[in-house]
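Could we go through this protein together, one question at a time?

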Amino acid sequence: MLNFNIRGENIEVTPAIREYVETKIEKIDRYFNEELNSTANVNLKVYNDKQTKVEVTIPMKNLTLRAEERHTDMYAAIDLIVDKLERQIRKHKTKVNRKFREREGVGTYFATTEAASTEPEVSEEEYSIVRTKTFDLKPMDQEEAILQMDMLGHNFFIFTDAESNGTNIVYKRKDGKYGLIETN
């Protein structure tokens with residue numbers, strides 16, 4: 001069962017919007033054998049130019065589904081989000097089930113309902129590492145890491161935090177601001 005955490009920014013989440021979001025996103029339940037027990041975090045934002053942005057994150061045990069969509073019509077954005085989530089599930093399902101088949105036919109993790117199996121097969125793309133780099137992580141603070149990242153022209157930078165001695169990552173977000181990932 002999916003639980004929902006729906007938040008609105010510059011918009012009131014009406015019962016009609018809540019029902020539409022829940023009805024649409026619950027459709028992904030058909031892709032799973034066992035009951036889906038997770039919380040779907042849904043953020044609805046409305047900007048000054050009347051654009052809406054819908055973000056959905058569904059953390060699960062072995063997979064985190066995440067999609068976002070901007071559109072002038074919020075309901076259309078929700079529909080597009082569901083399509084994106086379904087594509088992610090099908091792609092992951094193909095890879096996981098292939099690995100299970102390679103292990104001598106162990107049962108599948110995902111449901112093979114008629115609705116799910118009639119979907120077109122997602123093309124399998126191979127991931128190959130084309131370059132490997134090795135470097136020492138220099139102790140620095142977050143600001144210096146951002147400067148290094150910008151100087152190199154990268155969109156992320158890994159460094160050792162001078163205070164905590166932990167390995168951290170700074171990255172450039174789509175909105176032009178910066179994010180920080182801290183490791184334990």
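Predicted model: local features only at pLDDT ≥ 70, side-chain atom pairs only at ≥ 80, totals over all residues.

Me: Let's start with the overall fold. What pattern of helices and strands does the protein follow along the sequence?
Reply: Happy to start there. The secondary structure comes to four helices and eight strands.

Me: What percentage of the residues in the protein is buried?
Reply: A residue counts as buried when its relative accessible area is under 20%. The protein has 184 residues, and the buried share of them is 31%.

Me: And what part of the accessible surface belongs to carbon and sulfur atoms?
Reply: The accessible surface of the protein comes to about 12400 Å². Of that area, the part belonging to carbon and sulfur atoms is 48%.

Me: Now to the inside. Which element gives the most residues to the largest nonpolar core?
Reply: This core has 27 residues, and Ile25, Ile28, Val42, Val54 and Ile58 touch the most other members. Elements giving two or more residues to the core include β1 (2-9), α1 (15-25), β2 (38-46) and β3 (52-59). The element that gives the most, with seven residues, is α2.

Me: Ile58 is one of the residues that touch the most other members of that core. Which isoleucines does Ile58 touch, leaving out residues up to four places away in sequence?
Reply: The contacts of Ile58 include Leu2, Leu63, Leu65 and Leu85. Ser38, Thr39, Ala40 and Thr64 are also among them.

Me: How many residues are in the second, separate core?
Reply: Met149, Phe157, Phe159 and Val170 are among the members of this second core. Its number of residues is six.

Me: Is Lys45 buried or exposed?
Reply: Lys45 lies in strand β2. Beyond its neighbours within four places in sequence, Lys45 is in contact with Glu9, Gln51, Thr52, Lys53 and Glu55. Its relative accessible area is 18%, and the cut-off is under 20%, so Lys45 is buried.

Me: Turning to α1, why can we say that its buried residues line one face of the helix?
Reply: The buried residues in α1 are Ile17, Val21, Lys24 and Ile25. The face turned away from this buried side carries the exposed residues Pro15 and Glu19. Seen down the axis of α1, the buried residues line one face because they fall within an arc of 90 degrees.

Me: What kind of aromatic pair do Tyr20 and Tyr75 form?
Reply: A search of the whole structure finds one aromatic pair. The ring centres of Tyr20 and Tyr75 are 4.7 Å apart. Their planes stand at 85 degrees, so the pair is edge-to-face.

Me: How many residues apart in sequence are the parts that this pair ties together?
Reply: Tyr20 is partly exposed at 23% relative accessible area, and Tyr75 is partly exposed at 31%. Tyr20 lies in helix α1 and Tyr75 in helix α2, so the pair ties together parts whose separation in residues is 55.

Me: On to the strands. Which residue in β4 stands opposite Val54?
Reply: β3 and β4 form a hairpin with four residues between them. The two strands pair in the antiparallel sense over eight bridges. In β4, the residue opposite Val54 is Glu69.

Me: Which residue in β8 stands opposite Val170?
Reply: β7, residues 167-172, pairs with β8 in the antiparallel sense over five bridges. Opposite Val170, the residue in β8 is Leu180.

Me: One last point: how far apart in space are Asp150 and Lys172, C-alpha to C-alpha?
Reply: Asp150 lies in helix α4 (residues 142-152) and counts as partly exposed at 37% relative accessibility. Leaving out residues up to four places away in sequence, Asp150 touches Lys172 and Tyr178. Asp150 and Lys172 are 22 residues apart in sequence, and their C-alpha separation is 9.1 Å.

Conventions
Residues numbered from 1 in each chain as written. Heavy atoms only, no water. Core = buried A, V, L, I, M, F, W, Y, C linked by side-chain atoms within 4.5 Å. Buried < 20%, exposed > 50% of the residue type's maximum accessible area, 1.4 Å probe, protein only. Contact = heavy atoms within 4.5 Å. Phe/Tyr/Trp six-rings, centres within 6.5 Å; stacked < 30°, edge-to-face > 60°. Pairing = 2+ DSSP bridges. Areas by Shrake-Rupley, 256 points an atom, 1.4 Å probe, with all protein chains shown as cover. Arc of directions from axis to C-beta.
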